[in-house]
Amino acid sequence: MPVALGHLLLLVLGTVYLQKTSCPSMALQQDSRCGHKVLGSDSWAFYNHFARIVGGSQVQQGSHPWQVSLKRSNHHFCGGTLVSTQWVITAAHCVVSRSLLHLLTVTAGEHDLSLKDEEEQTLPVKYIIKHPKFNRRKPMDYDIALLKMDGHFQYGATVWPVCLPGPHEKFDPGYVCVTCGWGRLRENGILPDVLHEVRLPILDQTQCSGILSTLRRPIQSHTIMCAGFPDGGKDACQGDSGGSLVCQREHGPWTLIGVTSWGIGCARSWIHNLQKKYAKRGTPGVFTDLTKVLPWIQQHIDT
């Protein structure tokens, strides 16, 4: 059975349609500049090329100002995404332990885990809200949780909220998006101190379901989305769970469309899965589709 322990598959290809969008009008999105970066590059045209990026790369400071680090006793173990001064979205399997709350802190403005960055801010968590349909025995569905901070993050160049998708917003298969984290750079590899990113294409839902049906225990889910390349590529693993899959319209804001959930192995190909032994089979990166749980998010954060 796949283990939902911080796997993040990172890849790319891309293209595009769809109307421009702005931040949804919601209580948690109080600033119309959500999803816009002060630092780093926002070259949408670059992401829209049909180009293969084999591996991830180290990012410039401030390139993902919404990316946060979840820490247990001051040690990074999962990622998360800032959506307001007081709310963070992460994966439910990251915060499933009942004893975690008093040890859990969230750091925004993090870039290098080994250093104290200039705008770095750490807050304790006031409470955790896991999706009611999340099942820790089958952690592949509804893998999402909300964290309310005990305090407020101060916005700045390296601390900024991402936009949430609109109720009917959709990015078509092939659209190139970006995910990042401090997870392993290869299967059984080292954990980097500095944040890395990789760009990836969204897969068609039918293709995603077909790939997951080739596993020893086929996965069926109401909230899964996949992204990646059939023949594998660079991948980050443990440590990336709970992080963001974000997409950008042409000249528009960055929008959170997925939460990093799980995957089989790191950078494994799945193109010939049926010809391999189960232990050698791979999957794309698997994310929780934010559009499937958006009403639940709005319900809790608006309240």
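Let's start with Ile-89. In this predicted model, leaving aside residues up to four places away in sequence, Ile-89 touches Gly-80, Thr-81, Val-83, Ile-144, Ala-145, Leu-146, Leu-164, Gly-242, Leu-256, Val-259 and Ile-297.

Now, the core. Ile-89 is one of the residues with the most contacts inside the largest nonpolar core, along with Leu-70, Val-106, Leu-147 and Ile-297. That core has 44 residues. Several strands give two or more residues to it, namely E3 (67-72), E4 (75-82), E5 (87-90), E6 (104-108), E7 (121-130), E8 (145-149) and E14 (254-262), and so does helix H3 (290-302). Which element gives the most to this core? Helix H3 does, with 6 residues.

As background, nonpolar side chains in soluble globular proteins tend to be buried together.

Next, the chain as a whole. You can count 3 helices and 15 strands. Of the 303 residues, 59% are buried. Take the contacts between residues at least 6 apart in sequence: 77% of them join residues at least 24 apart. The chain exposes about 13100 Å², and 51% of that is supplied by carbon and sulfur atoms.

Glu-118 sits between E6 and E7. Is Glu-118 buried or exposed? Exposed, because its relative accessibility is 80%, and the cut-off for exposed is over 50%. Glu-118 and Thr-158 are 40 residues apart along the chain, while their C-alpha atoms are separated by 8.9 Å.

Terms used: Residues are numbered from 1 along each chain as its sequence is written. This is a predicted model: local features need pLDDT of at least 70, side-chain atom pairs count only at pLDDT 80 or more; totals for chains, interfaces and linings use all residues. Side-chain values use heavy atoms; hydrogens and water are left out. A nonpolar core is a set of buried Ala, Val, Leu, Ile, Met, Phe, Trp, Tyr and Cys residues joined through side-chain atoms within 4.5 Å. Buried means under 20% relative accessible area, exposed over 50%, partly exposed in between (1.4 Å probe, protein chains only). Helices (H or I, at least four residues) and strands (E, at least two) are DSSP runs, numbered from the N terminus. Contact means heavy atoms within 4.5 Å. Accessible areas come from the Shrake-Rupley method with a 1.4 Å probe; for residues, only the protein chains shown count as cover.
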